[in-house]
Amino acid sequence: MKRLIIAVLGIVVILAGVVVIRALPSAEQSASGTPYPLAVDVELASELMSQAIQYETISYGRDKPTSGKALRDFHAFLEDRLPRVHAELTYETVNEFSLLYHWQGSGNGAEKPVLLLGHMDVVPIIPGTADEWDHAPYAGVIDETYVWGRGAMDDKLNVIAGLQAIEMMLEAGLRPKRDIYLAFGHDEEQGGLEGAREIARLLKQRNVQAEFLIDEGGAVVEGAVPGLTVSVAAVAPAEKGIVTLELIARGKGGHSSMPPKQSSIGILSAGIVRLEENPFPRDFSHTQKFLEAIADDLPFSQRLVMKNLWLFKPLVMQQMQNERAMQAAMRTTTAATIMNAGVKANVLPISARALVNFRILPGETKESVKAKVIEILDDTRISVEYSQSGQIPMDPSPVSPLSGFGWEHLQATIRDIAAPERIIIAPRLLVAATDTRHYREISDNHYRFVWMRANSKDLGRIHGTNERIEKKSIADAVRFYHRFISQL
């Protein structure tokens, strides 16, 4: 017994030593970049953003398309304020309202082009919240620090900063070696079916194959994790898929004075409860890559855990059990969003209908989600079909490699724009959806990131109240695109 105790203690000591040694900062801890010496007129960049916000290019939904007049006026604004871009680049409207620009590079065309995405439409403000805005949502108010208004963060920043950077390059006589395409959709907030999908089809017809593309979906996040004092450039090499299923339960109608044991509403409600009580399994791999990327900069106690996830993963997953954002990154999510039944208080409804939205984790498909839902419901009285309203079903994206030219070029650009500040670059799974989904046949390498500094409270302003962006962040976004494009 004594020998056994000694052996166990020895194992514990060795294990503790391994854990501590692994927790030491890595020699490969992210280095600072080289400051990119480009002077950007902050006031001019802010003015352009302010004016862009004033065009109410609102996507209300599939049944109420974005205002054609607002989009055409926005096109005219871009032509007026960015004259060199529109004189020297080839550009065209696609499907009336989306924009596609082509800048021919100075090389021999042997290298694949690069595609930069953005979208011109914005979501409406939440009904009844106009009085909660510090400034009118479409006024584009500029104060000492911010530009305020809907679209400042999502996603007119990509459009304005990218085009302004090219305008500055043209003025300086600069030109990239590779061809550059800029694709700006007009209905991303409605699924991109009329905009991005049509641009992608056009590029495919022209046999355009891009080396990689970048789009919205990541940002420079401050205070990403408690205890972390270094900013994190969260870049999404993948995004979840989406499918909405229509559930219809059928029961017996009739007079409410003689109800059955379970009505159609009761059948459907019980089914939704089963779905919520039986969530899809968790996959920690995407979250683990993010945590490992930031681990070196955490305080020792946290670093001890994050650099030894081979041992502490169950504990970490348990701690994240009630964190909605972390759970969304670890599983296919289930969200019952619409329910309809009945026409009169004393009449039993024959049928009850619900829409349930799922955001699909890589590794699963819309078909596997539907099959799992049918299995969980286990009730032949409830039919399950793909919803014909809203966004079309889309499988999750492939996971782009964290290596190769596109990834390395993006990393170098981020570090140089942050310099002399050191910044962490960490991959994350995007739980929302972007126009990137429509370009899978144009490139295999998709990275979702826009230079925009934000803390957790700022991120809540996207699609929310009091959307705004720092004036300095707009100028830095211009610097980002200038550095990014000029060295391609």
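In what order do the strands of the open sheet of 4 strands stand? The order is β11-β13-β9-β14, and the pairing is antiparallel; two strands count as paired if DSSP finds at least two bridges between them. This is a predicted model, in which local features need pLDDT of at least 70 and side-chain atom pairs count only at pLDDT 80 or more, while totals for chains, interfaces and linings use all residues. Residues are numbered from 1 along each chain as its sequence is written, and side-chain values use heavy atoms, with hydrogens and water left out. Helices (H or I, at least four residues) and strands (E, at least two) are DSSP runs, numbered from the N terminus.

The antiparallel pairing of β11 with β13 (residues 351–360) extends over 8 bridges, and T333 has R359 of β13 as its bridge partner. Helix α12 (residues 366–377) packs on the sheet and touches β9 (241–250), β13 and β14, where contact means heavy atoms within 4.5 Å. The direction of α12 makes about 170° with that of β14; axes are lines fitted to C-alpha atoms, for helices over the stretch in contact, and angles run from 0 to 180 degrees between N-to-C directions.

Of the 6 residues of β2, 5 are buried (under 20% relative accessible area, with a 1.4 Å probe and protein chains only).

Helix α3 (residues 68–81) has buried residues that include G68, F74 and L78. Among the elements covering them are α2 (42–53), β1 (90–94) and β2 (98–103).

Helix α2 also meets helix α15 (residues 471–486): their axes come within 9 Å and cross at roughly 100°. The two helices are therefore roughly perpendicular (a class covering 65 to 115 degrees). V42, E43, A45, S46 and M49 of α2 make this contact with K471, K472, I474 and A475 of α15.

Technical notes:
Buried means under 20% relative accessible area, exposed over 50%, partly exposed in between (1.4 Å probe, protein chains only). Angles under 35 degrees count as roughly parallel, over 145 as roughly antiparallel, 65 to 115 as roughly perpendicular and the rest as oblique.
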